[in-house]
Amino acid sequence: PLSLDMLIPVSSTGHSISGSITFMGNAVSNVDALLTGGLDASESTDSNGAYEFEDLTSGLDYSLNFSKNNDLTNGVSTFDAVLIQKHILGISTINDPYLLIAGDINNNGSVSTLDIVFMQKVILGIDAAFPNNESWRFVPADYIFDDPTNPFASDFPEGFDYFDLNADEVNQDLIGIK
């Protein structure tokens, strides 16, 4: 016999977006993940650098961005300023796109002596923040830079956009840049 319950479609629980964030192979915890669009939600990465948004309505658009702006001087030293200076002078060129992004202290799309000045002001406690920048930035792990020796040559993503979400989006991993 056919019952009324059999005729009512079972609703989908929705889709999920998940991934993790690493820095030099290590998990980055306490990164704020902010989802906007079809649903506004936020969470922080756990001790494994993982995040997950569940039960997202199918067919809607979503944007996912990340932020971490604490421990400004953690991992930043005068040695970094020396490396940037050697790069600027052409003595020892930095070719890693993530290190170049990290060296762009004022987030103006280039590494210059001004970045050294801003870095030193923070190290010495003169300034409490980097101008126009946070202490961390995040780039999707699968992103391939057009020119790795100049990551500023084209806009690189710092999050994810999903249009008409219709499946789970897993392994949405990012590389943290300090």
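**Close-up 1. Surroundings of K68 in the predicted model.** Leaving aside neighbours within four places in sequence, K68 is in contact (heavy atoms within 4.5 Å) with V28, S29, N30, V31, E134, S135, W136 and F138. K68 is placed in the loop between β6 (62-67) and α2 (78-89); helices (H or I, at least four residues) and strands (E, at least two) are DSSP runs, numbered from the N terminus. This is a predicted model, in which local features need pLDDT of at least 70 and side-chain atom pairs count only at pLDDT 80 or more, whereas totals for chains, interfaces and linings use all residues. Residues are numbered from 1 along each chain as its sequence is written, and side-chain values use heavy atoms, without hydrogens and water.

Close-up 2. K68 is buried (under 20% relative accessible area; exposed is over 50%, partly exposed in between; 1.4 Å probe, protein chains only). K68 has no salt bridge (a side-chain nitrogen of Lys or Arg within 4 Å of a carboxyl oxygen of Asp or Glu). D71, the nearest side chain of opposite charge, is 6.0 Å away. A polar atom of the K68 side chain lies 2.7 Å from the backbone oxygen of S29.

**Close-up 3. Aromatic pairs at F145.** The whole structure holds 10 aromatic pairs (ring centres of Phe, Tyr and Trp, its six-membered ring, within 6.5 Å; planes under 30 degrees apart are stacked, over 60 edge-to-face, the rest tilted). Y98 and F145 pair edge-to-face, at 5.6 Å centre to centre and 80° between the planes. Y98 lies in helix α3 (residues 97-103) and F145 in the loop between β7 (137-140) and β8 (159-162), 47 residues apart. F145 counts as buried at 8% relative accessibility, and Y98 is partly exposed at 22%.

Technical notes. Lys, Arg positive; Asp, Glu negative; His and termini not counted. Polar contact = N/O pair within 3.5 Å; in protein donor to acceptor, adjacent residues only side chain to side chain.
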